[in-house]
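User: Hi, I'm new to reading protein structures. Could you walk me through this one?

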Amino acid sequence: SAMVGAEYFKVKTDYMQVYGKNAPTDDIPTVNASTVFAAGSNTSNASEYRIISSMGRLAYDYDGRILINAVYRLDGTSILAQGNRTGFFPGASAGWNMHQEEFFKKSVLSKYITTFKPRISYGENGNIAGLGRYQVQGVYNVQTSYNGLAGYLNTSPVNKNLAWETSKTTGAGLDLGILNNRITVLLDYYDRRTSNLLTNLLLPSYVGFPNITMNLGTLQNKGFEVAIQS
């Protein structure tokens, strides 16, 4: 069986605030009834974020004995700069219902073991959570301290090298069913390695910026799990 899909996601935000006071009556709820407008309280902003994705899955079942799955996801985001916007994240898994094989059914083990299924898997995931919509372009704020005149100040550095944080997970396991599945045992080993970690670094004061987000380092998380049910 096969499945292919696509997704388009867009968020557009427009915000405006106008603040006034000393209206002659509370019966007029609009700001134009105000006689005094508070300085510094009138503001507006706009931002936009988009991500377009495609995904697919291919599943193969051979006589209920051999099970193979392959998946992929391709993401493109407006958050990252040109050249780093696209991330490709594949995955695959395979399982073998050995208890369905004739040689296993004829063996002595079949009297005690009802289910015997070894399996392996590999998959990749991408992450850009926490990044601002325009963080790679730098952040600019308006300043009014130049003899009462407005100017703008770069408060966050341009950072076009930001890329997807990627987690790669390898797994192997075994499903056991004992005494007509009255007891089930699940054995799992996993090794997850996350690279290009999105890390917020504090910068020295003489740089002029308080911090910067960068792709740095690798984190590994691995272990072995056993689950028994009866």
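Analyst: Let me begin with a term: helices (H or I, at least four residues) and strands (E, at least two) are DSSP runs, numbered from the N terminus. V226, for instance, has its place in strand β14. Please keep in mind that this is a predicted model, in which local features need pLDDT of at least 70 and side-chain atom pairs count only at pLDDT 80 or more, while totals for chains, interfaces and linings use all residues. Residues are numbered from 1 along each chain as its sequence is written, and side-chain values use heavy atoms, with hydrogens and water left out.

User: Let's switch to aromatic pairs. How many are there?

Analyst: The count comes to six aromatic pairs, by the rule that rings of Phe, Tyr and Trp (its six-membered ring) pair if their centres lie within 6.5 Å, with planes under 30 degrees apart called stacked, over 60 edge-to-face and the rest tilted. F9 and Y49 make an edge-to-face pair, because their ring centres are 6.3 Å apart and their planes stand at 70°. This pair links distant parts of the chain, since F9 is in strand β1 (residues 2-17) and Y49 is in strand β4 (residues 43-62), 40 residues apart.

User: How covered is each of those two?

Analyst: F9 is partly exposed, with a relative accessible area of 40%, whereas Y49 is buried at 16%.

User: And what about Y140 and Y152?

Analyst: Y140 and Y152 also form an edge-to-face pair, with 5.9 Å from centre to centre and 70° between the planes. Y140 lies in strand β8 (residues 139-146) and Y152 in strand β9 (residues 149-156), so the pair ties together parts that are 12 residues apart in sequence. Y140 is partly exposed at 45% relative accessible area, and Y152 is exposed at 64%.

User: Which residues make up the largest nonpolar core?

Analyst: The largest nonpolar core has 12 residues in all, among them Y49, F89, V136 and W164; such a core is a set of buried Ala, Val, Leu, Ile, Met, Phe, Trp, Tyr and Cys residues joined through side-chain atoms within 4.5 Å. Another core, of six residues, lies apart from it and includes M98, F104, I113 and V185.

User: What does V136 touch?

Analyst: Leaving out residues up to four places away in sequence, V136 touches I79, L80, A81, V158, N159, K160 and L162, where contact means heavy atoms within 4.5 Å.

Note on methods. Buried < 20%, exposed > 50% of the residue type's maximum accessible area, 1.4 Å probe, protein only.
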